[in-house]
Amino acid sequence: MSERIEIAVLDDYQDVAFTLADWSVVRQRANVTVFNDHLADENDVITRLLPFQVVCVMRERTPLTRQILSKLPNLKLIISTGRRNASIDEKAVAELGITLKTTGYIGSGAPEFTWAMLMAIARNIPLENENLRKGLWQTTIATDLIGKTIGIIGLGNIGAKIAAYARVFDMNVIAWSENLTEEKAAAAGVKLVSKETLLKEADFVTIHLVLSDRSRGIIQQTDLDLMKPSAYLINTSRGPLIDEAALISTLQQKKIAGAAVDVYDTEPLPANHPFRKLDNVLATPHIGYVTEKTYKLFYEDTVTEILNWLNG
């Protein structure tokens, strides 16, 4: 390749792409532009990406739909961090002759973060910290974990880790998903129950499913209505797994004790969204996978894939 290639690195919110990997060899042969902001409008995305032959995306922050891809005639290579990216139209990528590559992934971040969220809401850590800063002292009574029941919806790699964490805290662990068998549940040390039973009995409900046409909206208002008034809901997987409007209504009416959410229907979360204001919600900006080791692997693998492509 004789002409200098134009490379775009999208949605680097923390501005760390150049510090967590060595881009020097790539930058000797190509122009690399890092974007720290996020564009939601399709036309704005198309305008921004039009000059680039290579686009590096961070997880699912900027969807690459057929509509967008079909208007990027210069695009030759997409590198997506993580092993899969449901927001990229892979059929359109193939039809348009674009190469798609992915990076490695460190799977410990999401379960660790999920447990941190559970502990934070159980022990009222955000509220106690806020009150301490206001000059107050001991304002709430926390929820014990020992003897409580955690209901895990989706017992894959992350769900199984959550089950292991819960057993360390002497919790009762139950699980459900459409394909979960008693044998697999037993192997993870949990009890398989029906979805209805899980929602009725669990003190903490945590969701760990891949978003698909089948799993989208798997938690509806009727499901939330089954939960105990003292129960908490945790979602660190994908926002659309839960009917967001139903969850907001449930929390506004205080039908459950609270929720901890890291994922949303629209990301970044709109400035006026109720999750930013409700006092029974612990909301974080989709940071379950945002760890130093994970990001280092993301960007190092991205550089490797670019060099492999440049070298033909």
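Predicted model: local features only at pLDDT ≥ 70, side-chain atom pairs only at ≥ 80, totals over all residues.
Strands of a sheet pair through backbone hydrogen bonds, and the pairing may be parallel or antiparallel. Here, 5 strands make an open sheet with parallel pairing, in the order β2-β1-β3-β4-β5. Because β2 (30-34) and β5 (99-102) stand at the edges with a single partner strand each, one side of each has no neighbour in the sheet. From one strand to the next, the twist averages 15 degrees. Within this arrangement, β1 (residues 5-9) and β3 (residues 54-57) run parallel and are joined by 3 bridges; Ala 8 stands opposite Val 55 in β3. Helix α13 (residues 292-310) packs on the sheet, where it touches β1, β3, β4 (77-80) and β5. The direction of α13 makes about 160 degrees with that of β4.

At least two lining residues come from each of α6 (109-122), α7 (125-133), β11 (258-261) and β12 (281-283), and α7 gives the largest share, 4 residues. By type, the lining consists of 11 nonpolar, 3 polar and 2 charged residues.

Finally, Ser 230 lies in the loop between α11 (221-224) and β10 (232-235). Its relative accessible area is 45%, so Ser 230 counts as partly exposed. Leaving aside residues up to four places away in sequence, Ser 230 touches Asp 203 and Ala 257. Ser 230 and Lys 255 are 25 residues apart in sequence, and their C-alpha atoms are 8.4 Å apart in space.

Conventions
Residues numbered from 1 in each chain as written. Heavy atoms only, no water. Buried < 20%, exposed > 50% of the residue type's maximum accessible area, 1.4 Å probe, protein only. Contact = heavy atoms within 4.5 Å. Nonpolar A, V, L, I, M, F, W, Y, C, P; charged D, E, K, R; others polar. Pairing = 2+ DSSP bridges. Axes fitted to C-alpha atoms, helices over the stretch in contact; angles between N-to-C directions.
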